[in-house]
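Take a look at the model first, then work along.

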Amino acid sequence: MLHKYVVIFVPLLLLQINVLANPQITNLPGRNTTCLNGCWHVIVDPYENGYYNYRYEPSQNGYFKDEKAKDKSDLVEYDFDRSGTLQVPGDWNSQRENLLYYEGTIWYKKSFDYLTLGKNRLFIHFGAANYHAIVYLNGTKIGEHIGGFTPFNFEITSFVREKNNDIIVKVDNKRYREAVPTVNTDWWNYGGITRDVFLVETRPTFIRDYCLQLKKGTSDEFEGWVQLDGEQLQQTVTIDIHALKDQLELFTNENGYAKIAFKADLELWEPENPKLHEVTFSCLTDHVSESMGFRSVETHNQDIIVNGKPIFLRGICIHEEAPYRGGRAYSRDDAIQLLSWARELGCNFVRLAHYPHNEYMTRLADEWGIMVWSEIPVYWTILWENSDTYHNAETQLVENITRDKNRASVIIWSVANETPILESRTKFLKNLITKTRSMDSTRLVSAALERHYVDEYTQMIDDPLGKYLDVIGCNEYIGWYDNLPAKIDHIKWKTVYNKPLIISEFGAGALYGFHGDNLTRWSEEYQEYLYERQVKMLKKIDFLRGVTPWILMDFRSPRRPLPNIQDGWNRKGLISNKGEKKKAFFVLQKYYGDIMEK
Ligand code: GCU
């Protein structure tokens, strides 16, 4: 009995240590930050020689000690300051040709002074690092993080000095079977410190996190909570929504936590009118502001309802691939380009595949009124029966929801993509769905499922996971992986669920500028013909409430080697990686234009 108790207890303890030690500081733009982006010195370390000794044990004198030879006899076999550099943020694969396929460890070093901390606290915050990051400050390990697409931060108050601080980060993007995602993905394994790095200075007790949302199905009932961090946890917290004349006052409990609940008449966030309100949270020792939209999203039978009105989601899938330059997208400019193309298509919705994208995307979607499907990389066939794999997936889910819970644009949390129908998988995902709903009762939960034929032309949606979802996502590649485009004309759809359907993927590959007839594979004409047939079919699905074709722009994938056509790129984009629009782009644009005119 004891054995069972100990086994169950230890992983949860690890999870608790991981969560309690580094609670996410949210809303970085509203904080007192110092940016550490720029040139970092790097050491490429495929054998992790800077971490393990020759007995493959963690060394006490690894590269994180940043040792220097003091006299001519000293033996030191590395030197960050005389090693090359990489840009942060940015994947390493697209910065050096000899790192394009690199999977392993690269060590990063950045030095900084911090003269003005006084009695305040200091944290270091990473927007993301793919995949496993271990962070050291002045030779001491301050924390580690697993997961390539969610933010993390560590407190460095007691480690930082006024001059010559050295942040050293070991980033390892090796894939492994128990990971999330697992070893096979149809996207490039871009490694590195792939998003912004900031120092965050806070007061000794500060407002670390808060949530403020419209209660589902209401137009004037607001709910949420606020969380303080520090010693003076029992304080009065004031919430000031600048459009309202009255402020709300709360008193936090001994844990620094207070629930929020009030009624108010506020202009709501709508896709056509993405109203954002300036909201300020204040306490005796801190204040933080943010622009936030408020809207309600729910389902009613097979309809998706936003602010009481049924909507159709005119969407597109997007990978986090940088337009023109390639590599991981990470900036507001990248987000502007990608979402501008989506708006040009006539989209009111984007599926950010297959992992949480950088925060510039969801904040810009807030500003522009574009609704978002946000997804964690529980992709294809991960290890459903491995408890560490589950805790990894759940941690990434928690970190994603924590970061974006105040983004009006995010209407759907997706827990998976194209996973096999197994009892262990459905249990795994059901637990993730329960966790999602426990954290956020205001949004919809979905996943991209697969369909199957029940006769020559009838597609059936009856994946048992659908029972636990609010919205059914379904990927189909009829006319590409499944026969030729002409077959699409005969397809009928059935579902066992009285729930909205989003066709979360369909598409075809085409090399921009390659032309032929509509049966010439890889030609723009084939892709265009498939889109024409698909649109005709979609219009006949009476329980369809959204579409996110695969995909806005070509993206790198090691699974796509076909010479002179793919060359390591998945060519299903409606736009090439050089920004060139293919003929199918205009088919989708017309479909969405016709819907908007109705
Ligand atoms: C799958 C998968 C995508 C992949 C696409 C393709 O549906 O979800 O990640 O890129 O098909 O084969 O191009």
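**Exercise 1.** In which loop is the place of N164?

*Solution.* This is a predicted model, in which local features need pLDDT of at least 70, side-chain atom pairs count only at pLDDT 80 or more, and totals for chains, interfaces and linings use all residues. Residues are numbered from 1 along each chain as its sequence is written, and side-chain values use heavy atoms, with hydrogens and water left out. Start with the elements: helices (H or I, at least four residues) and strands (E, at least two) are DSSP runs numbered from the N terminus. N164 sits in the loop between β8 (152-155) and β9 (165-172). Next, check the backbone: N164 is not a glycine, yet its phi is positive, about 55°.

**Exercise 2.** Is W522 buried or exposed?

*Solution.* First recall the cut-offs: buried means under 20% relative accessible area, exposed over 50%, and partly exposed in between (1.4 Å probe, protein chains only). W522 has a relative accessible area of 18%, so this residue is buried. By contrast, N164 counts as exposed at 51%.

**Exercise 3.** Locate the cis peptide bonds from V88 to P89 and from A353 to H354.

*Solution.* For the bond from V88 to P89, omega is near 0°, and P89 lies in the loop between β3 (85-88) and β4 (105-112). For the bond from A353 to H354, omega is near -20°; H354 belongs to the loop between β22 (349-352) and α3 (359-368).
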